Amino acid sequence: MASNDPARNTAGTTGAGSAPRTADDHAASKKLRRKVIALSIAAALGGFLFGFDSSVINGAVKAIEEDFDLGSLPLLSGFTVASALLGCAIGAYVAGRIADRIGRIPVMLIGAALFLVSSIGSGLAFAVWDLIAWRVIGGLGIGIASVIAPAYIAEIAPKAVRGALASLQQLAITLGIFAALLSDTLLQGAAGGANEPLWFGADAWRWMFIACAVPAIVYGLLAWRLPESPRFLAGKDRRDDAREVLASVMPQSEVDSALEDIERGLKEDRENARTASLRGKMLGLLPVVWVGILLSMFQQLVGINVIFYYSQSLWASVGFDTTNQSTSFIISVVTSVINVAVTFIAIFFVDKIGRRPLLLTGSAGMVVSLGLMALSFSQAVVTDGGTPQLPGAWGPLALVGANLFVIFFGATWGPIVWVLLGEIFPNRIRGKALGVAAAAQWLTNFAITETFPALSGFSLTFTYGLYTFFALVSFFFVFFAVPETKGRSLESMDSLKVVRKNSRQSVDAPS
């Protein structure tokens, strides 16, 4: 994907000298726009796989610990949950290179196949190492989908709505999280417990993993029907095929100029291939690459996935009766529904008010909400049975803090980071830099997920205080280092500047 330049593909506007549009023109334009949205939704289903897989283990953690005797091994338990993320990092790193060789659609199909095999293998696992291996394989598929989906969307999306369509990736993730929690609850309820037999004598937690096969098959079928990227086709000298795809997503009058822009961009990328290096003077990398890496890391360092990976364990540790099926369901579902709903805020505002204001607002909100959680956990008292309990109003306050955290993250950092990662890098390094940044995100996610059981056992106050600190640092990072990309074509990203509100000064974001 090193040669991606979506903005050239989809100008989507009528020149000053063109004839006025008729009612038929407007109807045709709406039809094309609907086609682009439909293609974007299909591609974004890769995010659904990630959300489903990352949260499906939530309902299975306790049962896995019991079956494989991990209760006294919190680090191994954490590694079992987080192991898929190692595969995600590898898949994200290699996805762009493979896609440039064989195409975007074949790579999507590979991702779906890996996820399908992983879901069945995880459900049939006979030991913890076996389960870890299958989850790493599934992670490879998820990592591939996490990079290919936003890249494909960017290649077919008009720049005026590129941010909103790219945000569909995060919306799909949140829907996947909700679907997984709902699936876990229904399967556990049908069996009478996650570690109770359901169908064919297999425990319910195994069916939780096998259920992942359904979205994997759906994603594979939809990806199989998607048209190949016109930019990839043009790069392989399949000019007629590229023209046909362009004609299906933009007005006929714009196809020739869009194709010429693609070919011009490909030629420039080939000429710039010698300078397509990520190396620079800032700790060995270009500054803009560090911006992408740190955006990815901060998105995970605030601890968002702890809410979805360990929600049952988390709320049990502060006194909520998660053994009660209805209580567990209400807590998990309310949180996941909020996560889905607030993503629409980002989709609506990202192309109107910009990326930076949303990120700054999100950072400030996360500092407050995470701080409330840390304060609430500091008030926990240990009962005679050794179980921590939040007295008085502190339990509900902790729940309010957690859901406020989900609101601020889901409306800002969740989707906006994916948007920026597809935009901020110069053309000559976009594919490589996106792979490195996405890999950094998965590795950070792995570190947070792996360390949470041990950190929470030490102190939930310390753990959420640490996440609060990272949220605070993220605010200053965005203010001083992250440029605005709203309304810019991708070929102009080389000249990005960090412009601070109410200031005439701007700082170059060197590439």
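## Salt bridges, a cavity and a buried leucine

Let us begin with charge pairs: the structure holds four salt bridges, a salt bridge being a side-chain nitrogen of Lys or Arg within 4 Å of a carboxyl oxygen of Asp or Glu. Before we look at them, please keep in mind that this is a predicted model, in which local features need pLDDT of at least 70, side-chain atom pairs count only at pLDDT 80 or more, and totals for chains, interfaces and linings use all residues. Residues are numbered from 1 along each chain as its sequence is written, and side-chain values use heavy atoms, with hydrogens and water left out.

Side chains of opposite charge can pair when their charged atoms come close. One of the pairs joins Arg239 to Glu263, with the closest N and O atoms 2.6 Å apart. This pair links distant parts of the chain, since Arg239 sits in helix H12 (residues 239–247) and Glu263 in helix H13 (residues 252–271), 24 residues apart. Helices here are DSSP runs of H or I with at least four residues, numbered from the N terminus. Arg239 counts as partly exposed at 34% relative accessibility; the scale calls a residue buried under 20% relative accessible area, exposed over 50%, and partly exposed in between, using a 1.4 Å probe and protein chains only.

Arg243 is partly exposed at 27%, and Asp256 is partly exposed at 42%.

Now turn to Arg104, which forms a salt bridge with Asp100, the closest N and O atoms being 3.3 Å apart. Arg104 counts as buried because its relative accessibility is 2%, whereas Asp100 is partly exposed at 27%.

What about the cysteines? With a disulfide taken as a pair of cysteine sulfur atoms within 2.5 Å, the count comes to zero disulfides. Cys88 is buried, with a relative accessible area of 1%, and Cys212 is buried with 1% as well.

The structure holds seven cavities of 30 Å³ or more. On a 1 Å grid over the protein atoms alone, a cavity is a set of points where a 1.4 Å probe fits but cannot get out, and lining residues have an atom within 4 Å of a point. Grid points are joined across faces, edges and corners, and a volume is the space filled by probe spheres set on the points. The largest cavity has a volume of about 160 Å³. Its lining has 18 residues, of which Phe50, Gln170, Ile173, Asn305 and Phe409 lie nearest its centre.

Several helices supply at least two residues each to this lining, among them H2 (23–56), H14 (287–301) and H19 (394–421). Helix H8 gives the largest share, four residues. By class, the lining has eight nonpolar, 10 polar and no charged residues; Ala, Val, Leu, Ile, Met, Phe, Trp, Tyr, Cys and Pro count as nonpolar, Asp, Glu, Lys and Arg as charged, and the others, Gly among them, as polar.

Phe409 leads us on to Leu358: their C-alpha atoms are separated by 9.9 Å, though the two residues are 51 apart along the chain. Leu358 belongs to helix H18 (residues 355–377) and is buried, at 7% relative accessible area. Leaving aside residues up to four places away in sequence, Leu358 touches Phe349, Val350, Ile353, Ala411, Thr412 and Ile416, where contact means heavy atoms within 4.5 Å.

Notes. On a 1 Å grid over the protein atoms alone, a cavity is a set of points where a 1.4 Å probe fits but cannot get out, and a pocket is an open set with protein on both sides within 12 Å along at least five of seven lines; lining residues have an atom within 4 Å of a point.
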